[in-house]
Amino acid sequence: MFLHNKKLMYTVRADEPNPEFARMVLEQFGGPNGELAAALRYFTQGWNETDAGRRDMLLDIATEELSHLEMVGQLLVQLLRGSPGQMLDEVEGGYLGEMMNGDGENYVSLALNSGATILGGGGPRLTDSHGNPFTAAYVDTLGHPEADLRSDIAAEARAKIVYERLIKCCDDPGAQDTLTFLMTREIAHAKMFEAALAEITGNFPPGNIPGDEKIAHLYFDDSTNGAKKSPGFELANKGDFGFELESDPVASAPKEGGL
């Protein structure tokens, strides 16, 4: 059961209408790395989770992601205050008068050229920044905690980078403050997922069937360019796995009937 607390999780403010930037922000509303995709990803994982701690954490974060979706939606509405649909709907409040006086001409032009936002009539739509509709294909839940938690960590990293790029593209202090809050919560969620993964004993490699040890520690050096060892081999051996160099992939490849 969900109860709607009408107080937003954080104050959302855009200091100036900017339909062009609103189109970019749609990426975090209905895009593959956006808040709706994150909420659905963690809900589906949480409902399938048998561990009580991981279940609670996933459902808590999923619920928070819905609150973030609400924040992004409110930011979009504020950024779109100058769009034609919203101005025509605003009989009171000044925007219709501004449009009739010619003061809103610039925002009308921006909105008409902002593609995905114009059909929303001054409100958010479930699309990415290019107008592509949201799809369940964005939800990559696999049903195995070791794989899903790694995917969750990667998803939070992608979302953080998108927010970083939005912040860099924006000179509106209010919008920057809202986006910074959302970006920082991506960091917090990634830390939670890292901690949950670390609690699973022997979480690598994911799954239950062990690999073939004869080939699990081989490095096929296909990038030597005449050198004895490629930098990639040196990098791989800085970990804890201890790779052996194998320069002839064909000779070491699994035979028919193998893995």
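Predicted model: local features only at pLDDT ≥ 70, side-chain atom pairs only at ≥ 80, totals over all residues.
## Packing of H4 and H8

Helix H4 spans residues 52-79, and helix H8 spans residues 145-168. Their axes come within 14 Å and cross at roughly 25°. Angles under 35 degrees count as roughly parallel, so H4 and H8 are roughly parallel to each other. The crossing of H4 past H8 is left-handed.

H4 contributes Arg 54, Leu 58, Glu 65 and Val 72 to the contact. H8 contributes Pro 145, Leu 149, Asp 152, Glu 156 and Tyr 163. By class, the residues of this contact are 5 nonpolar, no polar and 4 charged.

An α-helix has 3.6 residues a turn, so residues three or four places apart point the same way.

## Length and cap of H4

H4 has 28 residues. At 1.5 Å a residue they should span 40 Å, and the end C-alpha atoms are 41 Å apart, which agrees.

Asp 51 caps the N-terminal end of H4. One of its side-chain oxygens lies 3.2 Å from the backbone nitrogen of Gly 53.

## Length and cap of H9

Helix H9 covers residues 173-198, 26 residues in total.

The N-terminal end of H9 is capped by Asp 172. Here a side-chain oxygen lies 3.0 Å from the backbone nitrogen of Gly 174.

## A cis peptide bond

Most peptide bonds are trans. The bond from Phe 204 to Pro 205 is cis, with omega near -5°. Pro 205 sits in the loop between H9 and helix H10 (213-216).

Note on methods. Residues numbered from 1 in each chain as written. Heavy atoms only, no water. Axes fitted to C-alpha atoms, helices over the stretch in contact; angles between N-to-C directions. Helix = DSSP H or I, 4+ residues; strand = E, 2+ residues; numbered from the N terminus. Parallel < 35°, antiparallel > 145°, perpendicular 65-115°, else oblique. Left-handed = near helix turned anticlockwise from the far one by under 90°. Contact = heavy atoms within 4.5 Å. Nonpolar A, V, L, I, M, F, W, Y, C, P; charged D, E, K, R; others polar. Expected span 1.5 Å × (residues − 1). Polar contact = N/O pair within 3.5 Å; in protein donor to acceptor, adjacent residues only side chain to side chain.
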